[in-house]
Amino acid sequence: MTIADVKKSANERMIKSIDTLKGDLAKVRTGRAHTGILDHITVDYYGAPTALTQIANVTLIDARTIGVQPWEKKMLNAVEKAIRDSDLGLNPSSQGEMIRVPTPPLTEERRKEMVKLVKGEAEDAKIAIRNIRRDANESLKKLVKDKACSEDDERRASEEIQKLTDKFVIDVDKLVAEKEKEVLTV
């Protein structure tokens with residue numbers, strides 16, 4: 001392993017942390033309906049937990065209503081139960097072959113809870129990024145110990161990894177600020 005490998009690995013892992021944060025933030029509900037909030041819901045599909053999007057068509061009916069249409073009619077009740085039992089606080093209702101999922105408007109108190117949730121997700125992402133920095137620095141120290149690089153090279157590489165860490169922490173802050181603004185907008 002070389003210094004370049006350590007930096008490349010750290011960069012790739014930090015990018016994955018940002019992508020994970022984006023996915024987690026997409027699940028946080030704002031006042032508007034969007035199909036992404038149902039992405040993490042799994043349905044018992046003939047004994048196997050299956051993603052909702054793999055057994056049903058999920059669409060927007062209007063600004064506050066999501067439509068879910070299972071491809072098999074007999075899955076209607078299982079899909080409705082999975083949405084109701086999720087942690088999203090949604091109350092779906094069947095209408096023929098379609099399930100309507102209205103998203104209730106958020107109260108001010110609920111919006112503040114959502115902001116706390118968003119900040120918690122951000123802190124988790126920052127911790128992950130700092131852990132990646134720590135792992136990279138340990139790898140660099142191991143390279144020095146194994147005499148694969150000099151201490152000067154290790155110090156320079158550590159500084160570059162710190163700059164990379166700072167850049168990704170700033171990216172996390174920007175994502176959180178955008179989501180916070182989106183959640184607090186009535």
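Which residues in α1 meet which residues in α5? In this predicted model, the α1 side consists of I3, V6, K7, A10, N11, M14, I15, I18, L21, K22, L25 and A26. Their counterparts in α5 are D153, E154, A157, E160, I161, L164, T165, F168, D171, V172, L175 and K179. By class, the residues of this contact split into 15 nonpolar, 2 polar and 7 charged.

Two packed helices are described by the angle between their axes and the distance between the axes. Helix α1 spans residues 3-27. The axes of α1 and α5 come within 11 Å. They cross at roughly 10°. This angle is under 35 degrees, so α1 is roughly parallel to α5.

Helix α5 (residues 151-184) also packs with helix α4 (residues 108-145). Here the axes come within 10 Å, and the crossing angle is roughly 170°. The angle is over 145 degrees, so α4 is roughly antiparallel to α5. The contact of α4 with α5 comprises 17 nonpolar, 4 polar and 10 charged residues.

The strands form a separate topic. An open sheet is built from 4 strands, ordered β3-β4-β6-β5. Their pairing is antiparallel. Strands β3 (56-62) and β5 (93-95) stand at the edges. Each has a single partner strand, so one side of each lacks a neighbour in the sheet. From one strand to the next, the twist averages 30°.

Strand β4 covers residues 65-70. It runs antiparallel to β3, and 6 bridges join the two. In one of these bridges, A56 is partnered by P70 of β4. Helix α3 (residues 76-85) packs on the sheet. It touches β4, β5 and β6 (98-102). The direction of α3 makes about 15° with that of β6.

A pair of aromatic rings is described by the distance of the centres and the angle of the planes. The count comes to 1 aromatic pair. It is formed by Y45 and Y46. The ring centres lie 4.8 Å apart, with 70° between the planes. The arrangement is edge-to-face, because the angle is over 60 degrees. Solvent accessibility was computed for both residues. Y45 has a relative accessible area of 25%, so Y45 is partly exposed. Y46 reaches 54%, and therefore counts as exposed; the cut-off for exposed is over 50%.

Conventions. Residues numbered from 1 in each chain as written. Predicted model: local features only at pLDDT ≥ 70, side-chain atom pairs only at ≥ 80, totals over all residues. Heavy atoms only, no water. Axes fitted to C-alpha atoms, helices over the stretch in contact; angles between N-to-C directions. Parallel < 35°, antiparallel > 145°, perpendicular 65-115°, else oblique. Nonpolar A, V, L, I, M, F, W, Y, C, P; charged D, E, K, R; others polar. Pairing = 2+ DSSP bridges. Contact = heavy atoms within 4.5 Å. Phe/Tyr/Trp six-rings, centres within 6.5 Å; stacked < 30°, edge-to-face > 60°. Buried < 20%, exposed > 50% of the residue type's maximum accessible area, 1.4 Å probe, protein only.
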